[in-house]
Number of protein chains: 2
Amino acid sequence: MTASINDVARAAGVSASTVSRALRGRSGVSDEVRDKITAVAAQLGYTASRSAASLASGRTFTIGVLVPYVGRWFFGTVLDAAEREFSAAGYDVLLYNLGSPEIRKRFFTRLPVRKRVDAVLTLLIPDEEESAALRSLGVPLATTVGGSRPGFTVVGIDDRAGTESAVRHLVNLGHRRIGMISGASGPLHWTTPIDRRNAYLDVLADAGIEHDPALEADGDYTVEGGERAMTELLAVSRPPTAVYAQSDEMAMGALRALRRHRLRVPEDVSVVGFDDHELADVVGLTTVAQPVADQGAEAARLLLRQLDEPGAEPPTEQVQMPIRLVLRETTAPPRPRGPQ
Amino acid sequence: MTASINDVARAAGVSASTVSRALRGRSGVSDEVRDKITAVAAQLGYTASRSAASLASGRTFTIGVLVPYVGRWFFGTVLDAAEREFSAAGYDVLLYNLGSPEIRKRFFTRLPVRKRVDAVLTLLIPDEEESAALRSLGVPLATTVGGSRPGFTVVGIDDRAGTESAVRHLVNLGHRRIGMISGASGPLHWTTPIDRRNAYLDVLADAGIEHDPALEADGDYTVEGGERAMTELLAVSRPPTAVYAQSDEMAMGALRALRRHRLRVPEDVSVVGFDDHELADVVGLTTVAQPVADQGAEAARLLLRQLDEPGAEPPTEQVQMPIRLVLRETTAPPRPRGPQ
DNA sequence: CTGTTAGCGCGTTCAC
DNA sequence: GTGAACGCGCTAACAG
């Protein structure tokens, strides 16, 4: 079948260990022998078996990446950027798509990454038990979502500040009835929806606007959920004149609902989202931009650095990336009220 | 560190081979011994090292998936669906994001999947040389993009039929100047853009419409490219009244360009896309729907089936999935012409 | 600078 | 039904 290290050794007239040293760029091999071996290996199409190499060295040169849903733009983008960093550094990526609760549970009880990866990047927020399971792996850990966790390097954004800029923008435009579409039904230990909600409440309070619970709806972080949530908000006796959606996908769902109700944006209702989805620009959505790919790349880099310096203890670093409000065409002052 | 098979064997008072047999559900172990071993293994948090298992058995229980760009909706969706099938069958997924030509080249020369995977699913279209490299792996191969290739199971759609339904729809509405935004700059061996272009030309010819090369523009399969292409088409002396975009992302770029030019859709220009992107509905895009996730799942299933029946030769199966035109709000008859 | 010797942690014969 | 011995392909420690 495929060539083994001994085949190369024999063909090059050296021992297996010399082949191993030469091909991995270790010192202690004369240039001519190295060249010879490289040539023979290339000719035979030899690549070291990762399984055997891992077994012997204890290192796998593989990173495990845990994702709730690869198909979603946010996660796909983070994964894409992270993978580039990893592969550039010579690491392979083992992908685990842990969408459903059952699959997720199975993953954490069986922990198939055990002895298989040198580090783990998780794009889903592990609860206490799951965190402990990951820590038991004894490898560097990082995440790009959720708050700080012992043992994890976390790269994120300031959810509060982002939300504040969005909601304040609506307030400054003159809106008083400001709804919110949130992702409340997510895992309880996920702080993002909570942080964003608190910031929303704070801005309202600051502006002297009384909070109306009827103006909050759950959009489940999906387009469909956003559409449902907006429909709910429109059914309220005094519907909002502006809506803050905790994600662009929910904001787009809201836009769809508004179109179905023959309401114009921003004339009848203003909408602001969060993320700056690649298609936010297409629909002209005003939103809070966060550097999604950068977060993936940065988390990957921090992980790789820990892999390079096996000495130091896991630094539990915490990196905050910048956000900014992007004004487009879905926000405007409310229509003048009263009879006319 | 983590428990090994010998730790379990010792704790259970049996030999390592019995542990191996018991945990993998092989026959020849008494029920009580099996139960005992299972309990001990669970308590110790034991999982067999994949590296060692692979080395010993020759199987890796890992599938390699090659993707041009994970962040793109189409690929993310296919990957997501495929991963679910693989993981349900007990296989892990090694992801290779081969976006740039350099990375891609490095991958195919070094072929890091060698001895590492039991099968490969590629979402990028390998050229002859790359196909040969993959075949040299000696494992089942599948793809969800591009035409038939020796040695590959391919799951796809009828690009010609899809395009015909889209362009014919425009013709039936009364359009005579129908532009096309294509992804011509893709790899030469990728048949999709060619098939779609030919179908476009055929429908025009059938309808007795003379083809105007100025009405074709390259959109590079991206939103930005689509926007550029539409801008080009609008600069033509007699701009099109309708446009067929070979992908929804390019169609959305076209919509953006039209909005920037203060042209209304569909009153001034009709647009039809291809894919039925998850957000196509949000912007009301008329498009040719293809079952994206289903293609990934089906390809994965066919691969798994080959893995189950190691006997038979690779069947080089070719599966055609259904497509259908989805009418939304971006297409309408052209405005009545002439002075008014 | 290079070869030899030992495992890495399993699965897989073959005995019993 | 169970255990002992061997080897998968490679890296690491030790000689020379």
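Modeller: A residue counts as near a molecule or strand if its C-beta atom, placed from the backbone, lies within 6 Å of it. This is a predicted model, where local features need pLDDT of at least 70, side-chain atom pairs count only at pLDDT 80 or more, and totals for chains, interfaces and linings use all residues. Residues are numbered from 1 along each chain as its sequence is written, while chains are lettered from A and ligands numbered from 1 in the order in which they are written.

Colleague: How many residues surround DNA strand D, and which are the closest?

Modeller: There are 23 around DNA strand D, and the closest are Ile5(A), Ser17(A), Ser20(A), Ala52(A) and Ala56(A). Helix H2 (16-23) and helix H4 (50-57) of chain A, along with helix H2 (16-23) and helix H4 (50-57) of chain B, each give two or more residues to that surface. Helices here are DSSP runs (H or I, at least four residues), numbered from the N terminus.

Colleague: Which element gives the most?

Modeller: H4(A), with 5 residues.

Colleague: Changing topic, what does UniProt place at residues 3-57 of chain A?

Modeller: The unreviewed UniProt entry has "domain: HTH lacI-type" there; such annotations may be inferred rather than shown by experiment. Over residues 3-57, chain A is 69% helix and 0% strand (strands being E runs of at least two).

Colleague: And how is chain B superposed on chain A?

Modeller: By a rotation of 180 degrees with 0.0 Å of shift along its axis, at RMSD 0.1 Å, using least squares on C-alpha atoms of residues with pLDDT of at least 70 in both. The two copies are therefore related as by a two-fold rotation axis.
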